[in-house]
Amino acid sequence: MTPSLEQIQWPVRTERLRLRRLTEQDLEATWSYRKLPEVTQWITAGPHDFETYREQFLESGKIDLDVAVELQTPDGQLRLIGTVMVYIKDAWGQREIVEQTKSVEAELGWSFDPQFAGQGYASEAVLKVMEICFEDLGLRRVVAECFAANKPSVKLMERVGMRREASEKANSLHRSGAWMDSYAYALLADEWSAHRG
Ligand SMILES: CC(C)(COP(=O)(O)OP(=O)(O)OC[C@H]1O[C@@H](n2cnc3c(N)ncnc32)[C@H](O)[C@@H]1OP(=O)(O)O)[C@@H](O)C(=O)NCCC(=O)NCCS
């Protein structure tokens, strides 16, 4: 069976958070913080208006990649505080055995509401998503990339135990017009098991 987030029994709980699949009903909650310059500056798409955001949010298959991260507020309500993308994809392999490279790794991405920054929520959610990738879906590798200047993301990847595998010079075009450096991080299932063990 091809690994998929559909195989997971949602919601999934962590010590402080509740993780579930993102839905169309999360359009406004995600826009409320994804529109902020401090968030937009580092993420792939930075639409200026809600209508464009809505169109992009509803693009076929896009919602299916995201895990919604919720926190229970003091009044008992669940509040969406961020999302973690899980894009399950093929690895590279030689032609004769290329079948074995199908859907064996996941690229992760994230954006969180800055109101809830600095409390370890993103790390807690990403660690749980990594556990799902390795232990529930049986993936062999998890990867993530970011602009080298995106210090919070770099710290997050290192905090959850990912290894820097590549540092690329001026390879990524930022919407400011600048070609910026980027980093690629990864972790193998064996490394995850060794660390958890
Ligand atoms: C990347 C991003 C998710 C990181 O958010 P964050 O708040 O720094 O990460 P966490 O929620 O894991 O919090 C970690 C911080 O909380 C602190 N912290 C407090 N309590 C903690 C706890 N219980 N567990 C772990 N960390 C804790 C950590 O020490 C750390 O602080 P520091 O940055 O001063 O070292 C956030 O900056 C973001 O959404 N950015 C915009 C979008 C973006 O860049 N996306 C990625 C594109 S590649």
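Visitor: Which residues line the largest cavity?
Guide: This is a predicted model, with residues numbered from 1 along each chain as its sequence is written, and side-chain values use heavy atoms, leaving out hydrogens and water. Local features need pLDDT of at least 70 and side-chain atom pairs count only at pLDDT 80 or more, while totals for chains, interfaces and linings use all residues. A cavity is a set of points, on a 1 Å grid over the protein atoms alone, where a 1.4 Å probe fits but cannot get out, and lining residues have an atom within 4 Å of a point. For the largest cavity, these residues are Leu22, Arg34, Phe57, Lys62, Ile63 and Asp66.

Visitor: What volume does the largest cavity have?
Guide: Grid points are joined across faces, edges and corners, and a volume is the space filled by probe spheres set on the points. One cavity of 30 Å³ or more is counted by this rule. The volume of the largest cavity is about 40 Å³.

Visitor: Which strand gives the largest share of the lining of the second largest pocket?
Guide: A pocket is an open set of points with protein on both sides within 12 Å along at least five of seven lines. The second largest pocket holds about 200 Å³, and among its lining residues are Pro3, Arg21, Asp64 and Tyr87. Strands (E, at least two residues) and helices (H or I, at least four) are DSSP runs, numbered from the N terminus. The largest share, three residues, comes from strand β4 (residues 78-89).

Visitor: Which residues are closest to the ligand?
Guide: A residue counts as near if one of its heavy atoms lies within 4 Å of the molecule. The shell divides into 11 nonpolar, seven polar and four charged residues. Of the 22 residues surrounding the ligand, the closest are Trp110, Phe112, Gly118, Ser123 and Asn150.

Visitor: How much of the accessible area of the ligand does the protein cover?
Guide: Among the polar contacts (pairs of N or O atoms within 3.5 Å), a ligand nitrogen lies 2.7 Å from a polar backbone atom of Trp110. Ligand oxygen atoms lie 2.8 Å from a backbone N or O atom of Gly118 and 2.9 Å from one of Ala122. Accessible areas come from the Shrake-Rupley method with a 1.4 Å probe. Of the 950 Å² that the ligand has on its own, the protein covers 69%.

Visitor: Which element gives the largest share of the shell around the ligand?
Guide: Two or more residues each come from β5 (105-112), α4 (121-136), β6 (141-147) and α5 (151-159). The largest share, five residues, comes from α5.

Visitor: What is the radius of gyration of the protein chain?
Guide: The protein chain has six helices and eight strands. The globule rule is 2.2 Å times the number of residues to the power 0.38, and the radius is taken over C-alpha atoms. For 197 residues the rule gives 16 Å, and the chain is close to this value, so it is as compact as a globular protein of that length, with a radius of gyration of 17 Å.

Visitor: Which residue does a cis peptide bond join to Trp10?
Guide: The omega of this bond is about 0°.

Methods. Polar contact = N/O pair within 3.5 Å; in protein donor to acceptor, adjacent residues only side chain to side chain. Nonpolar A, V, L, I, M, F, W, Y, C, P; charged D, E, K, R; others polar.
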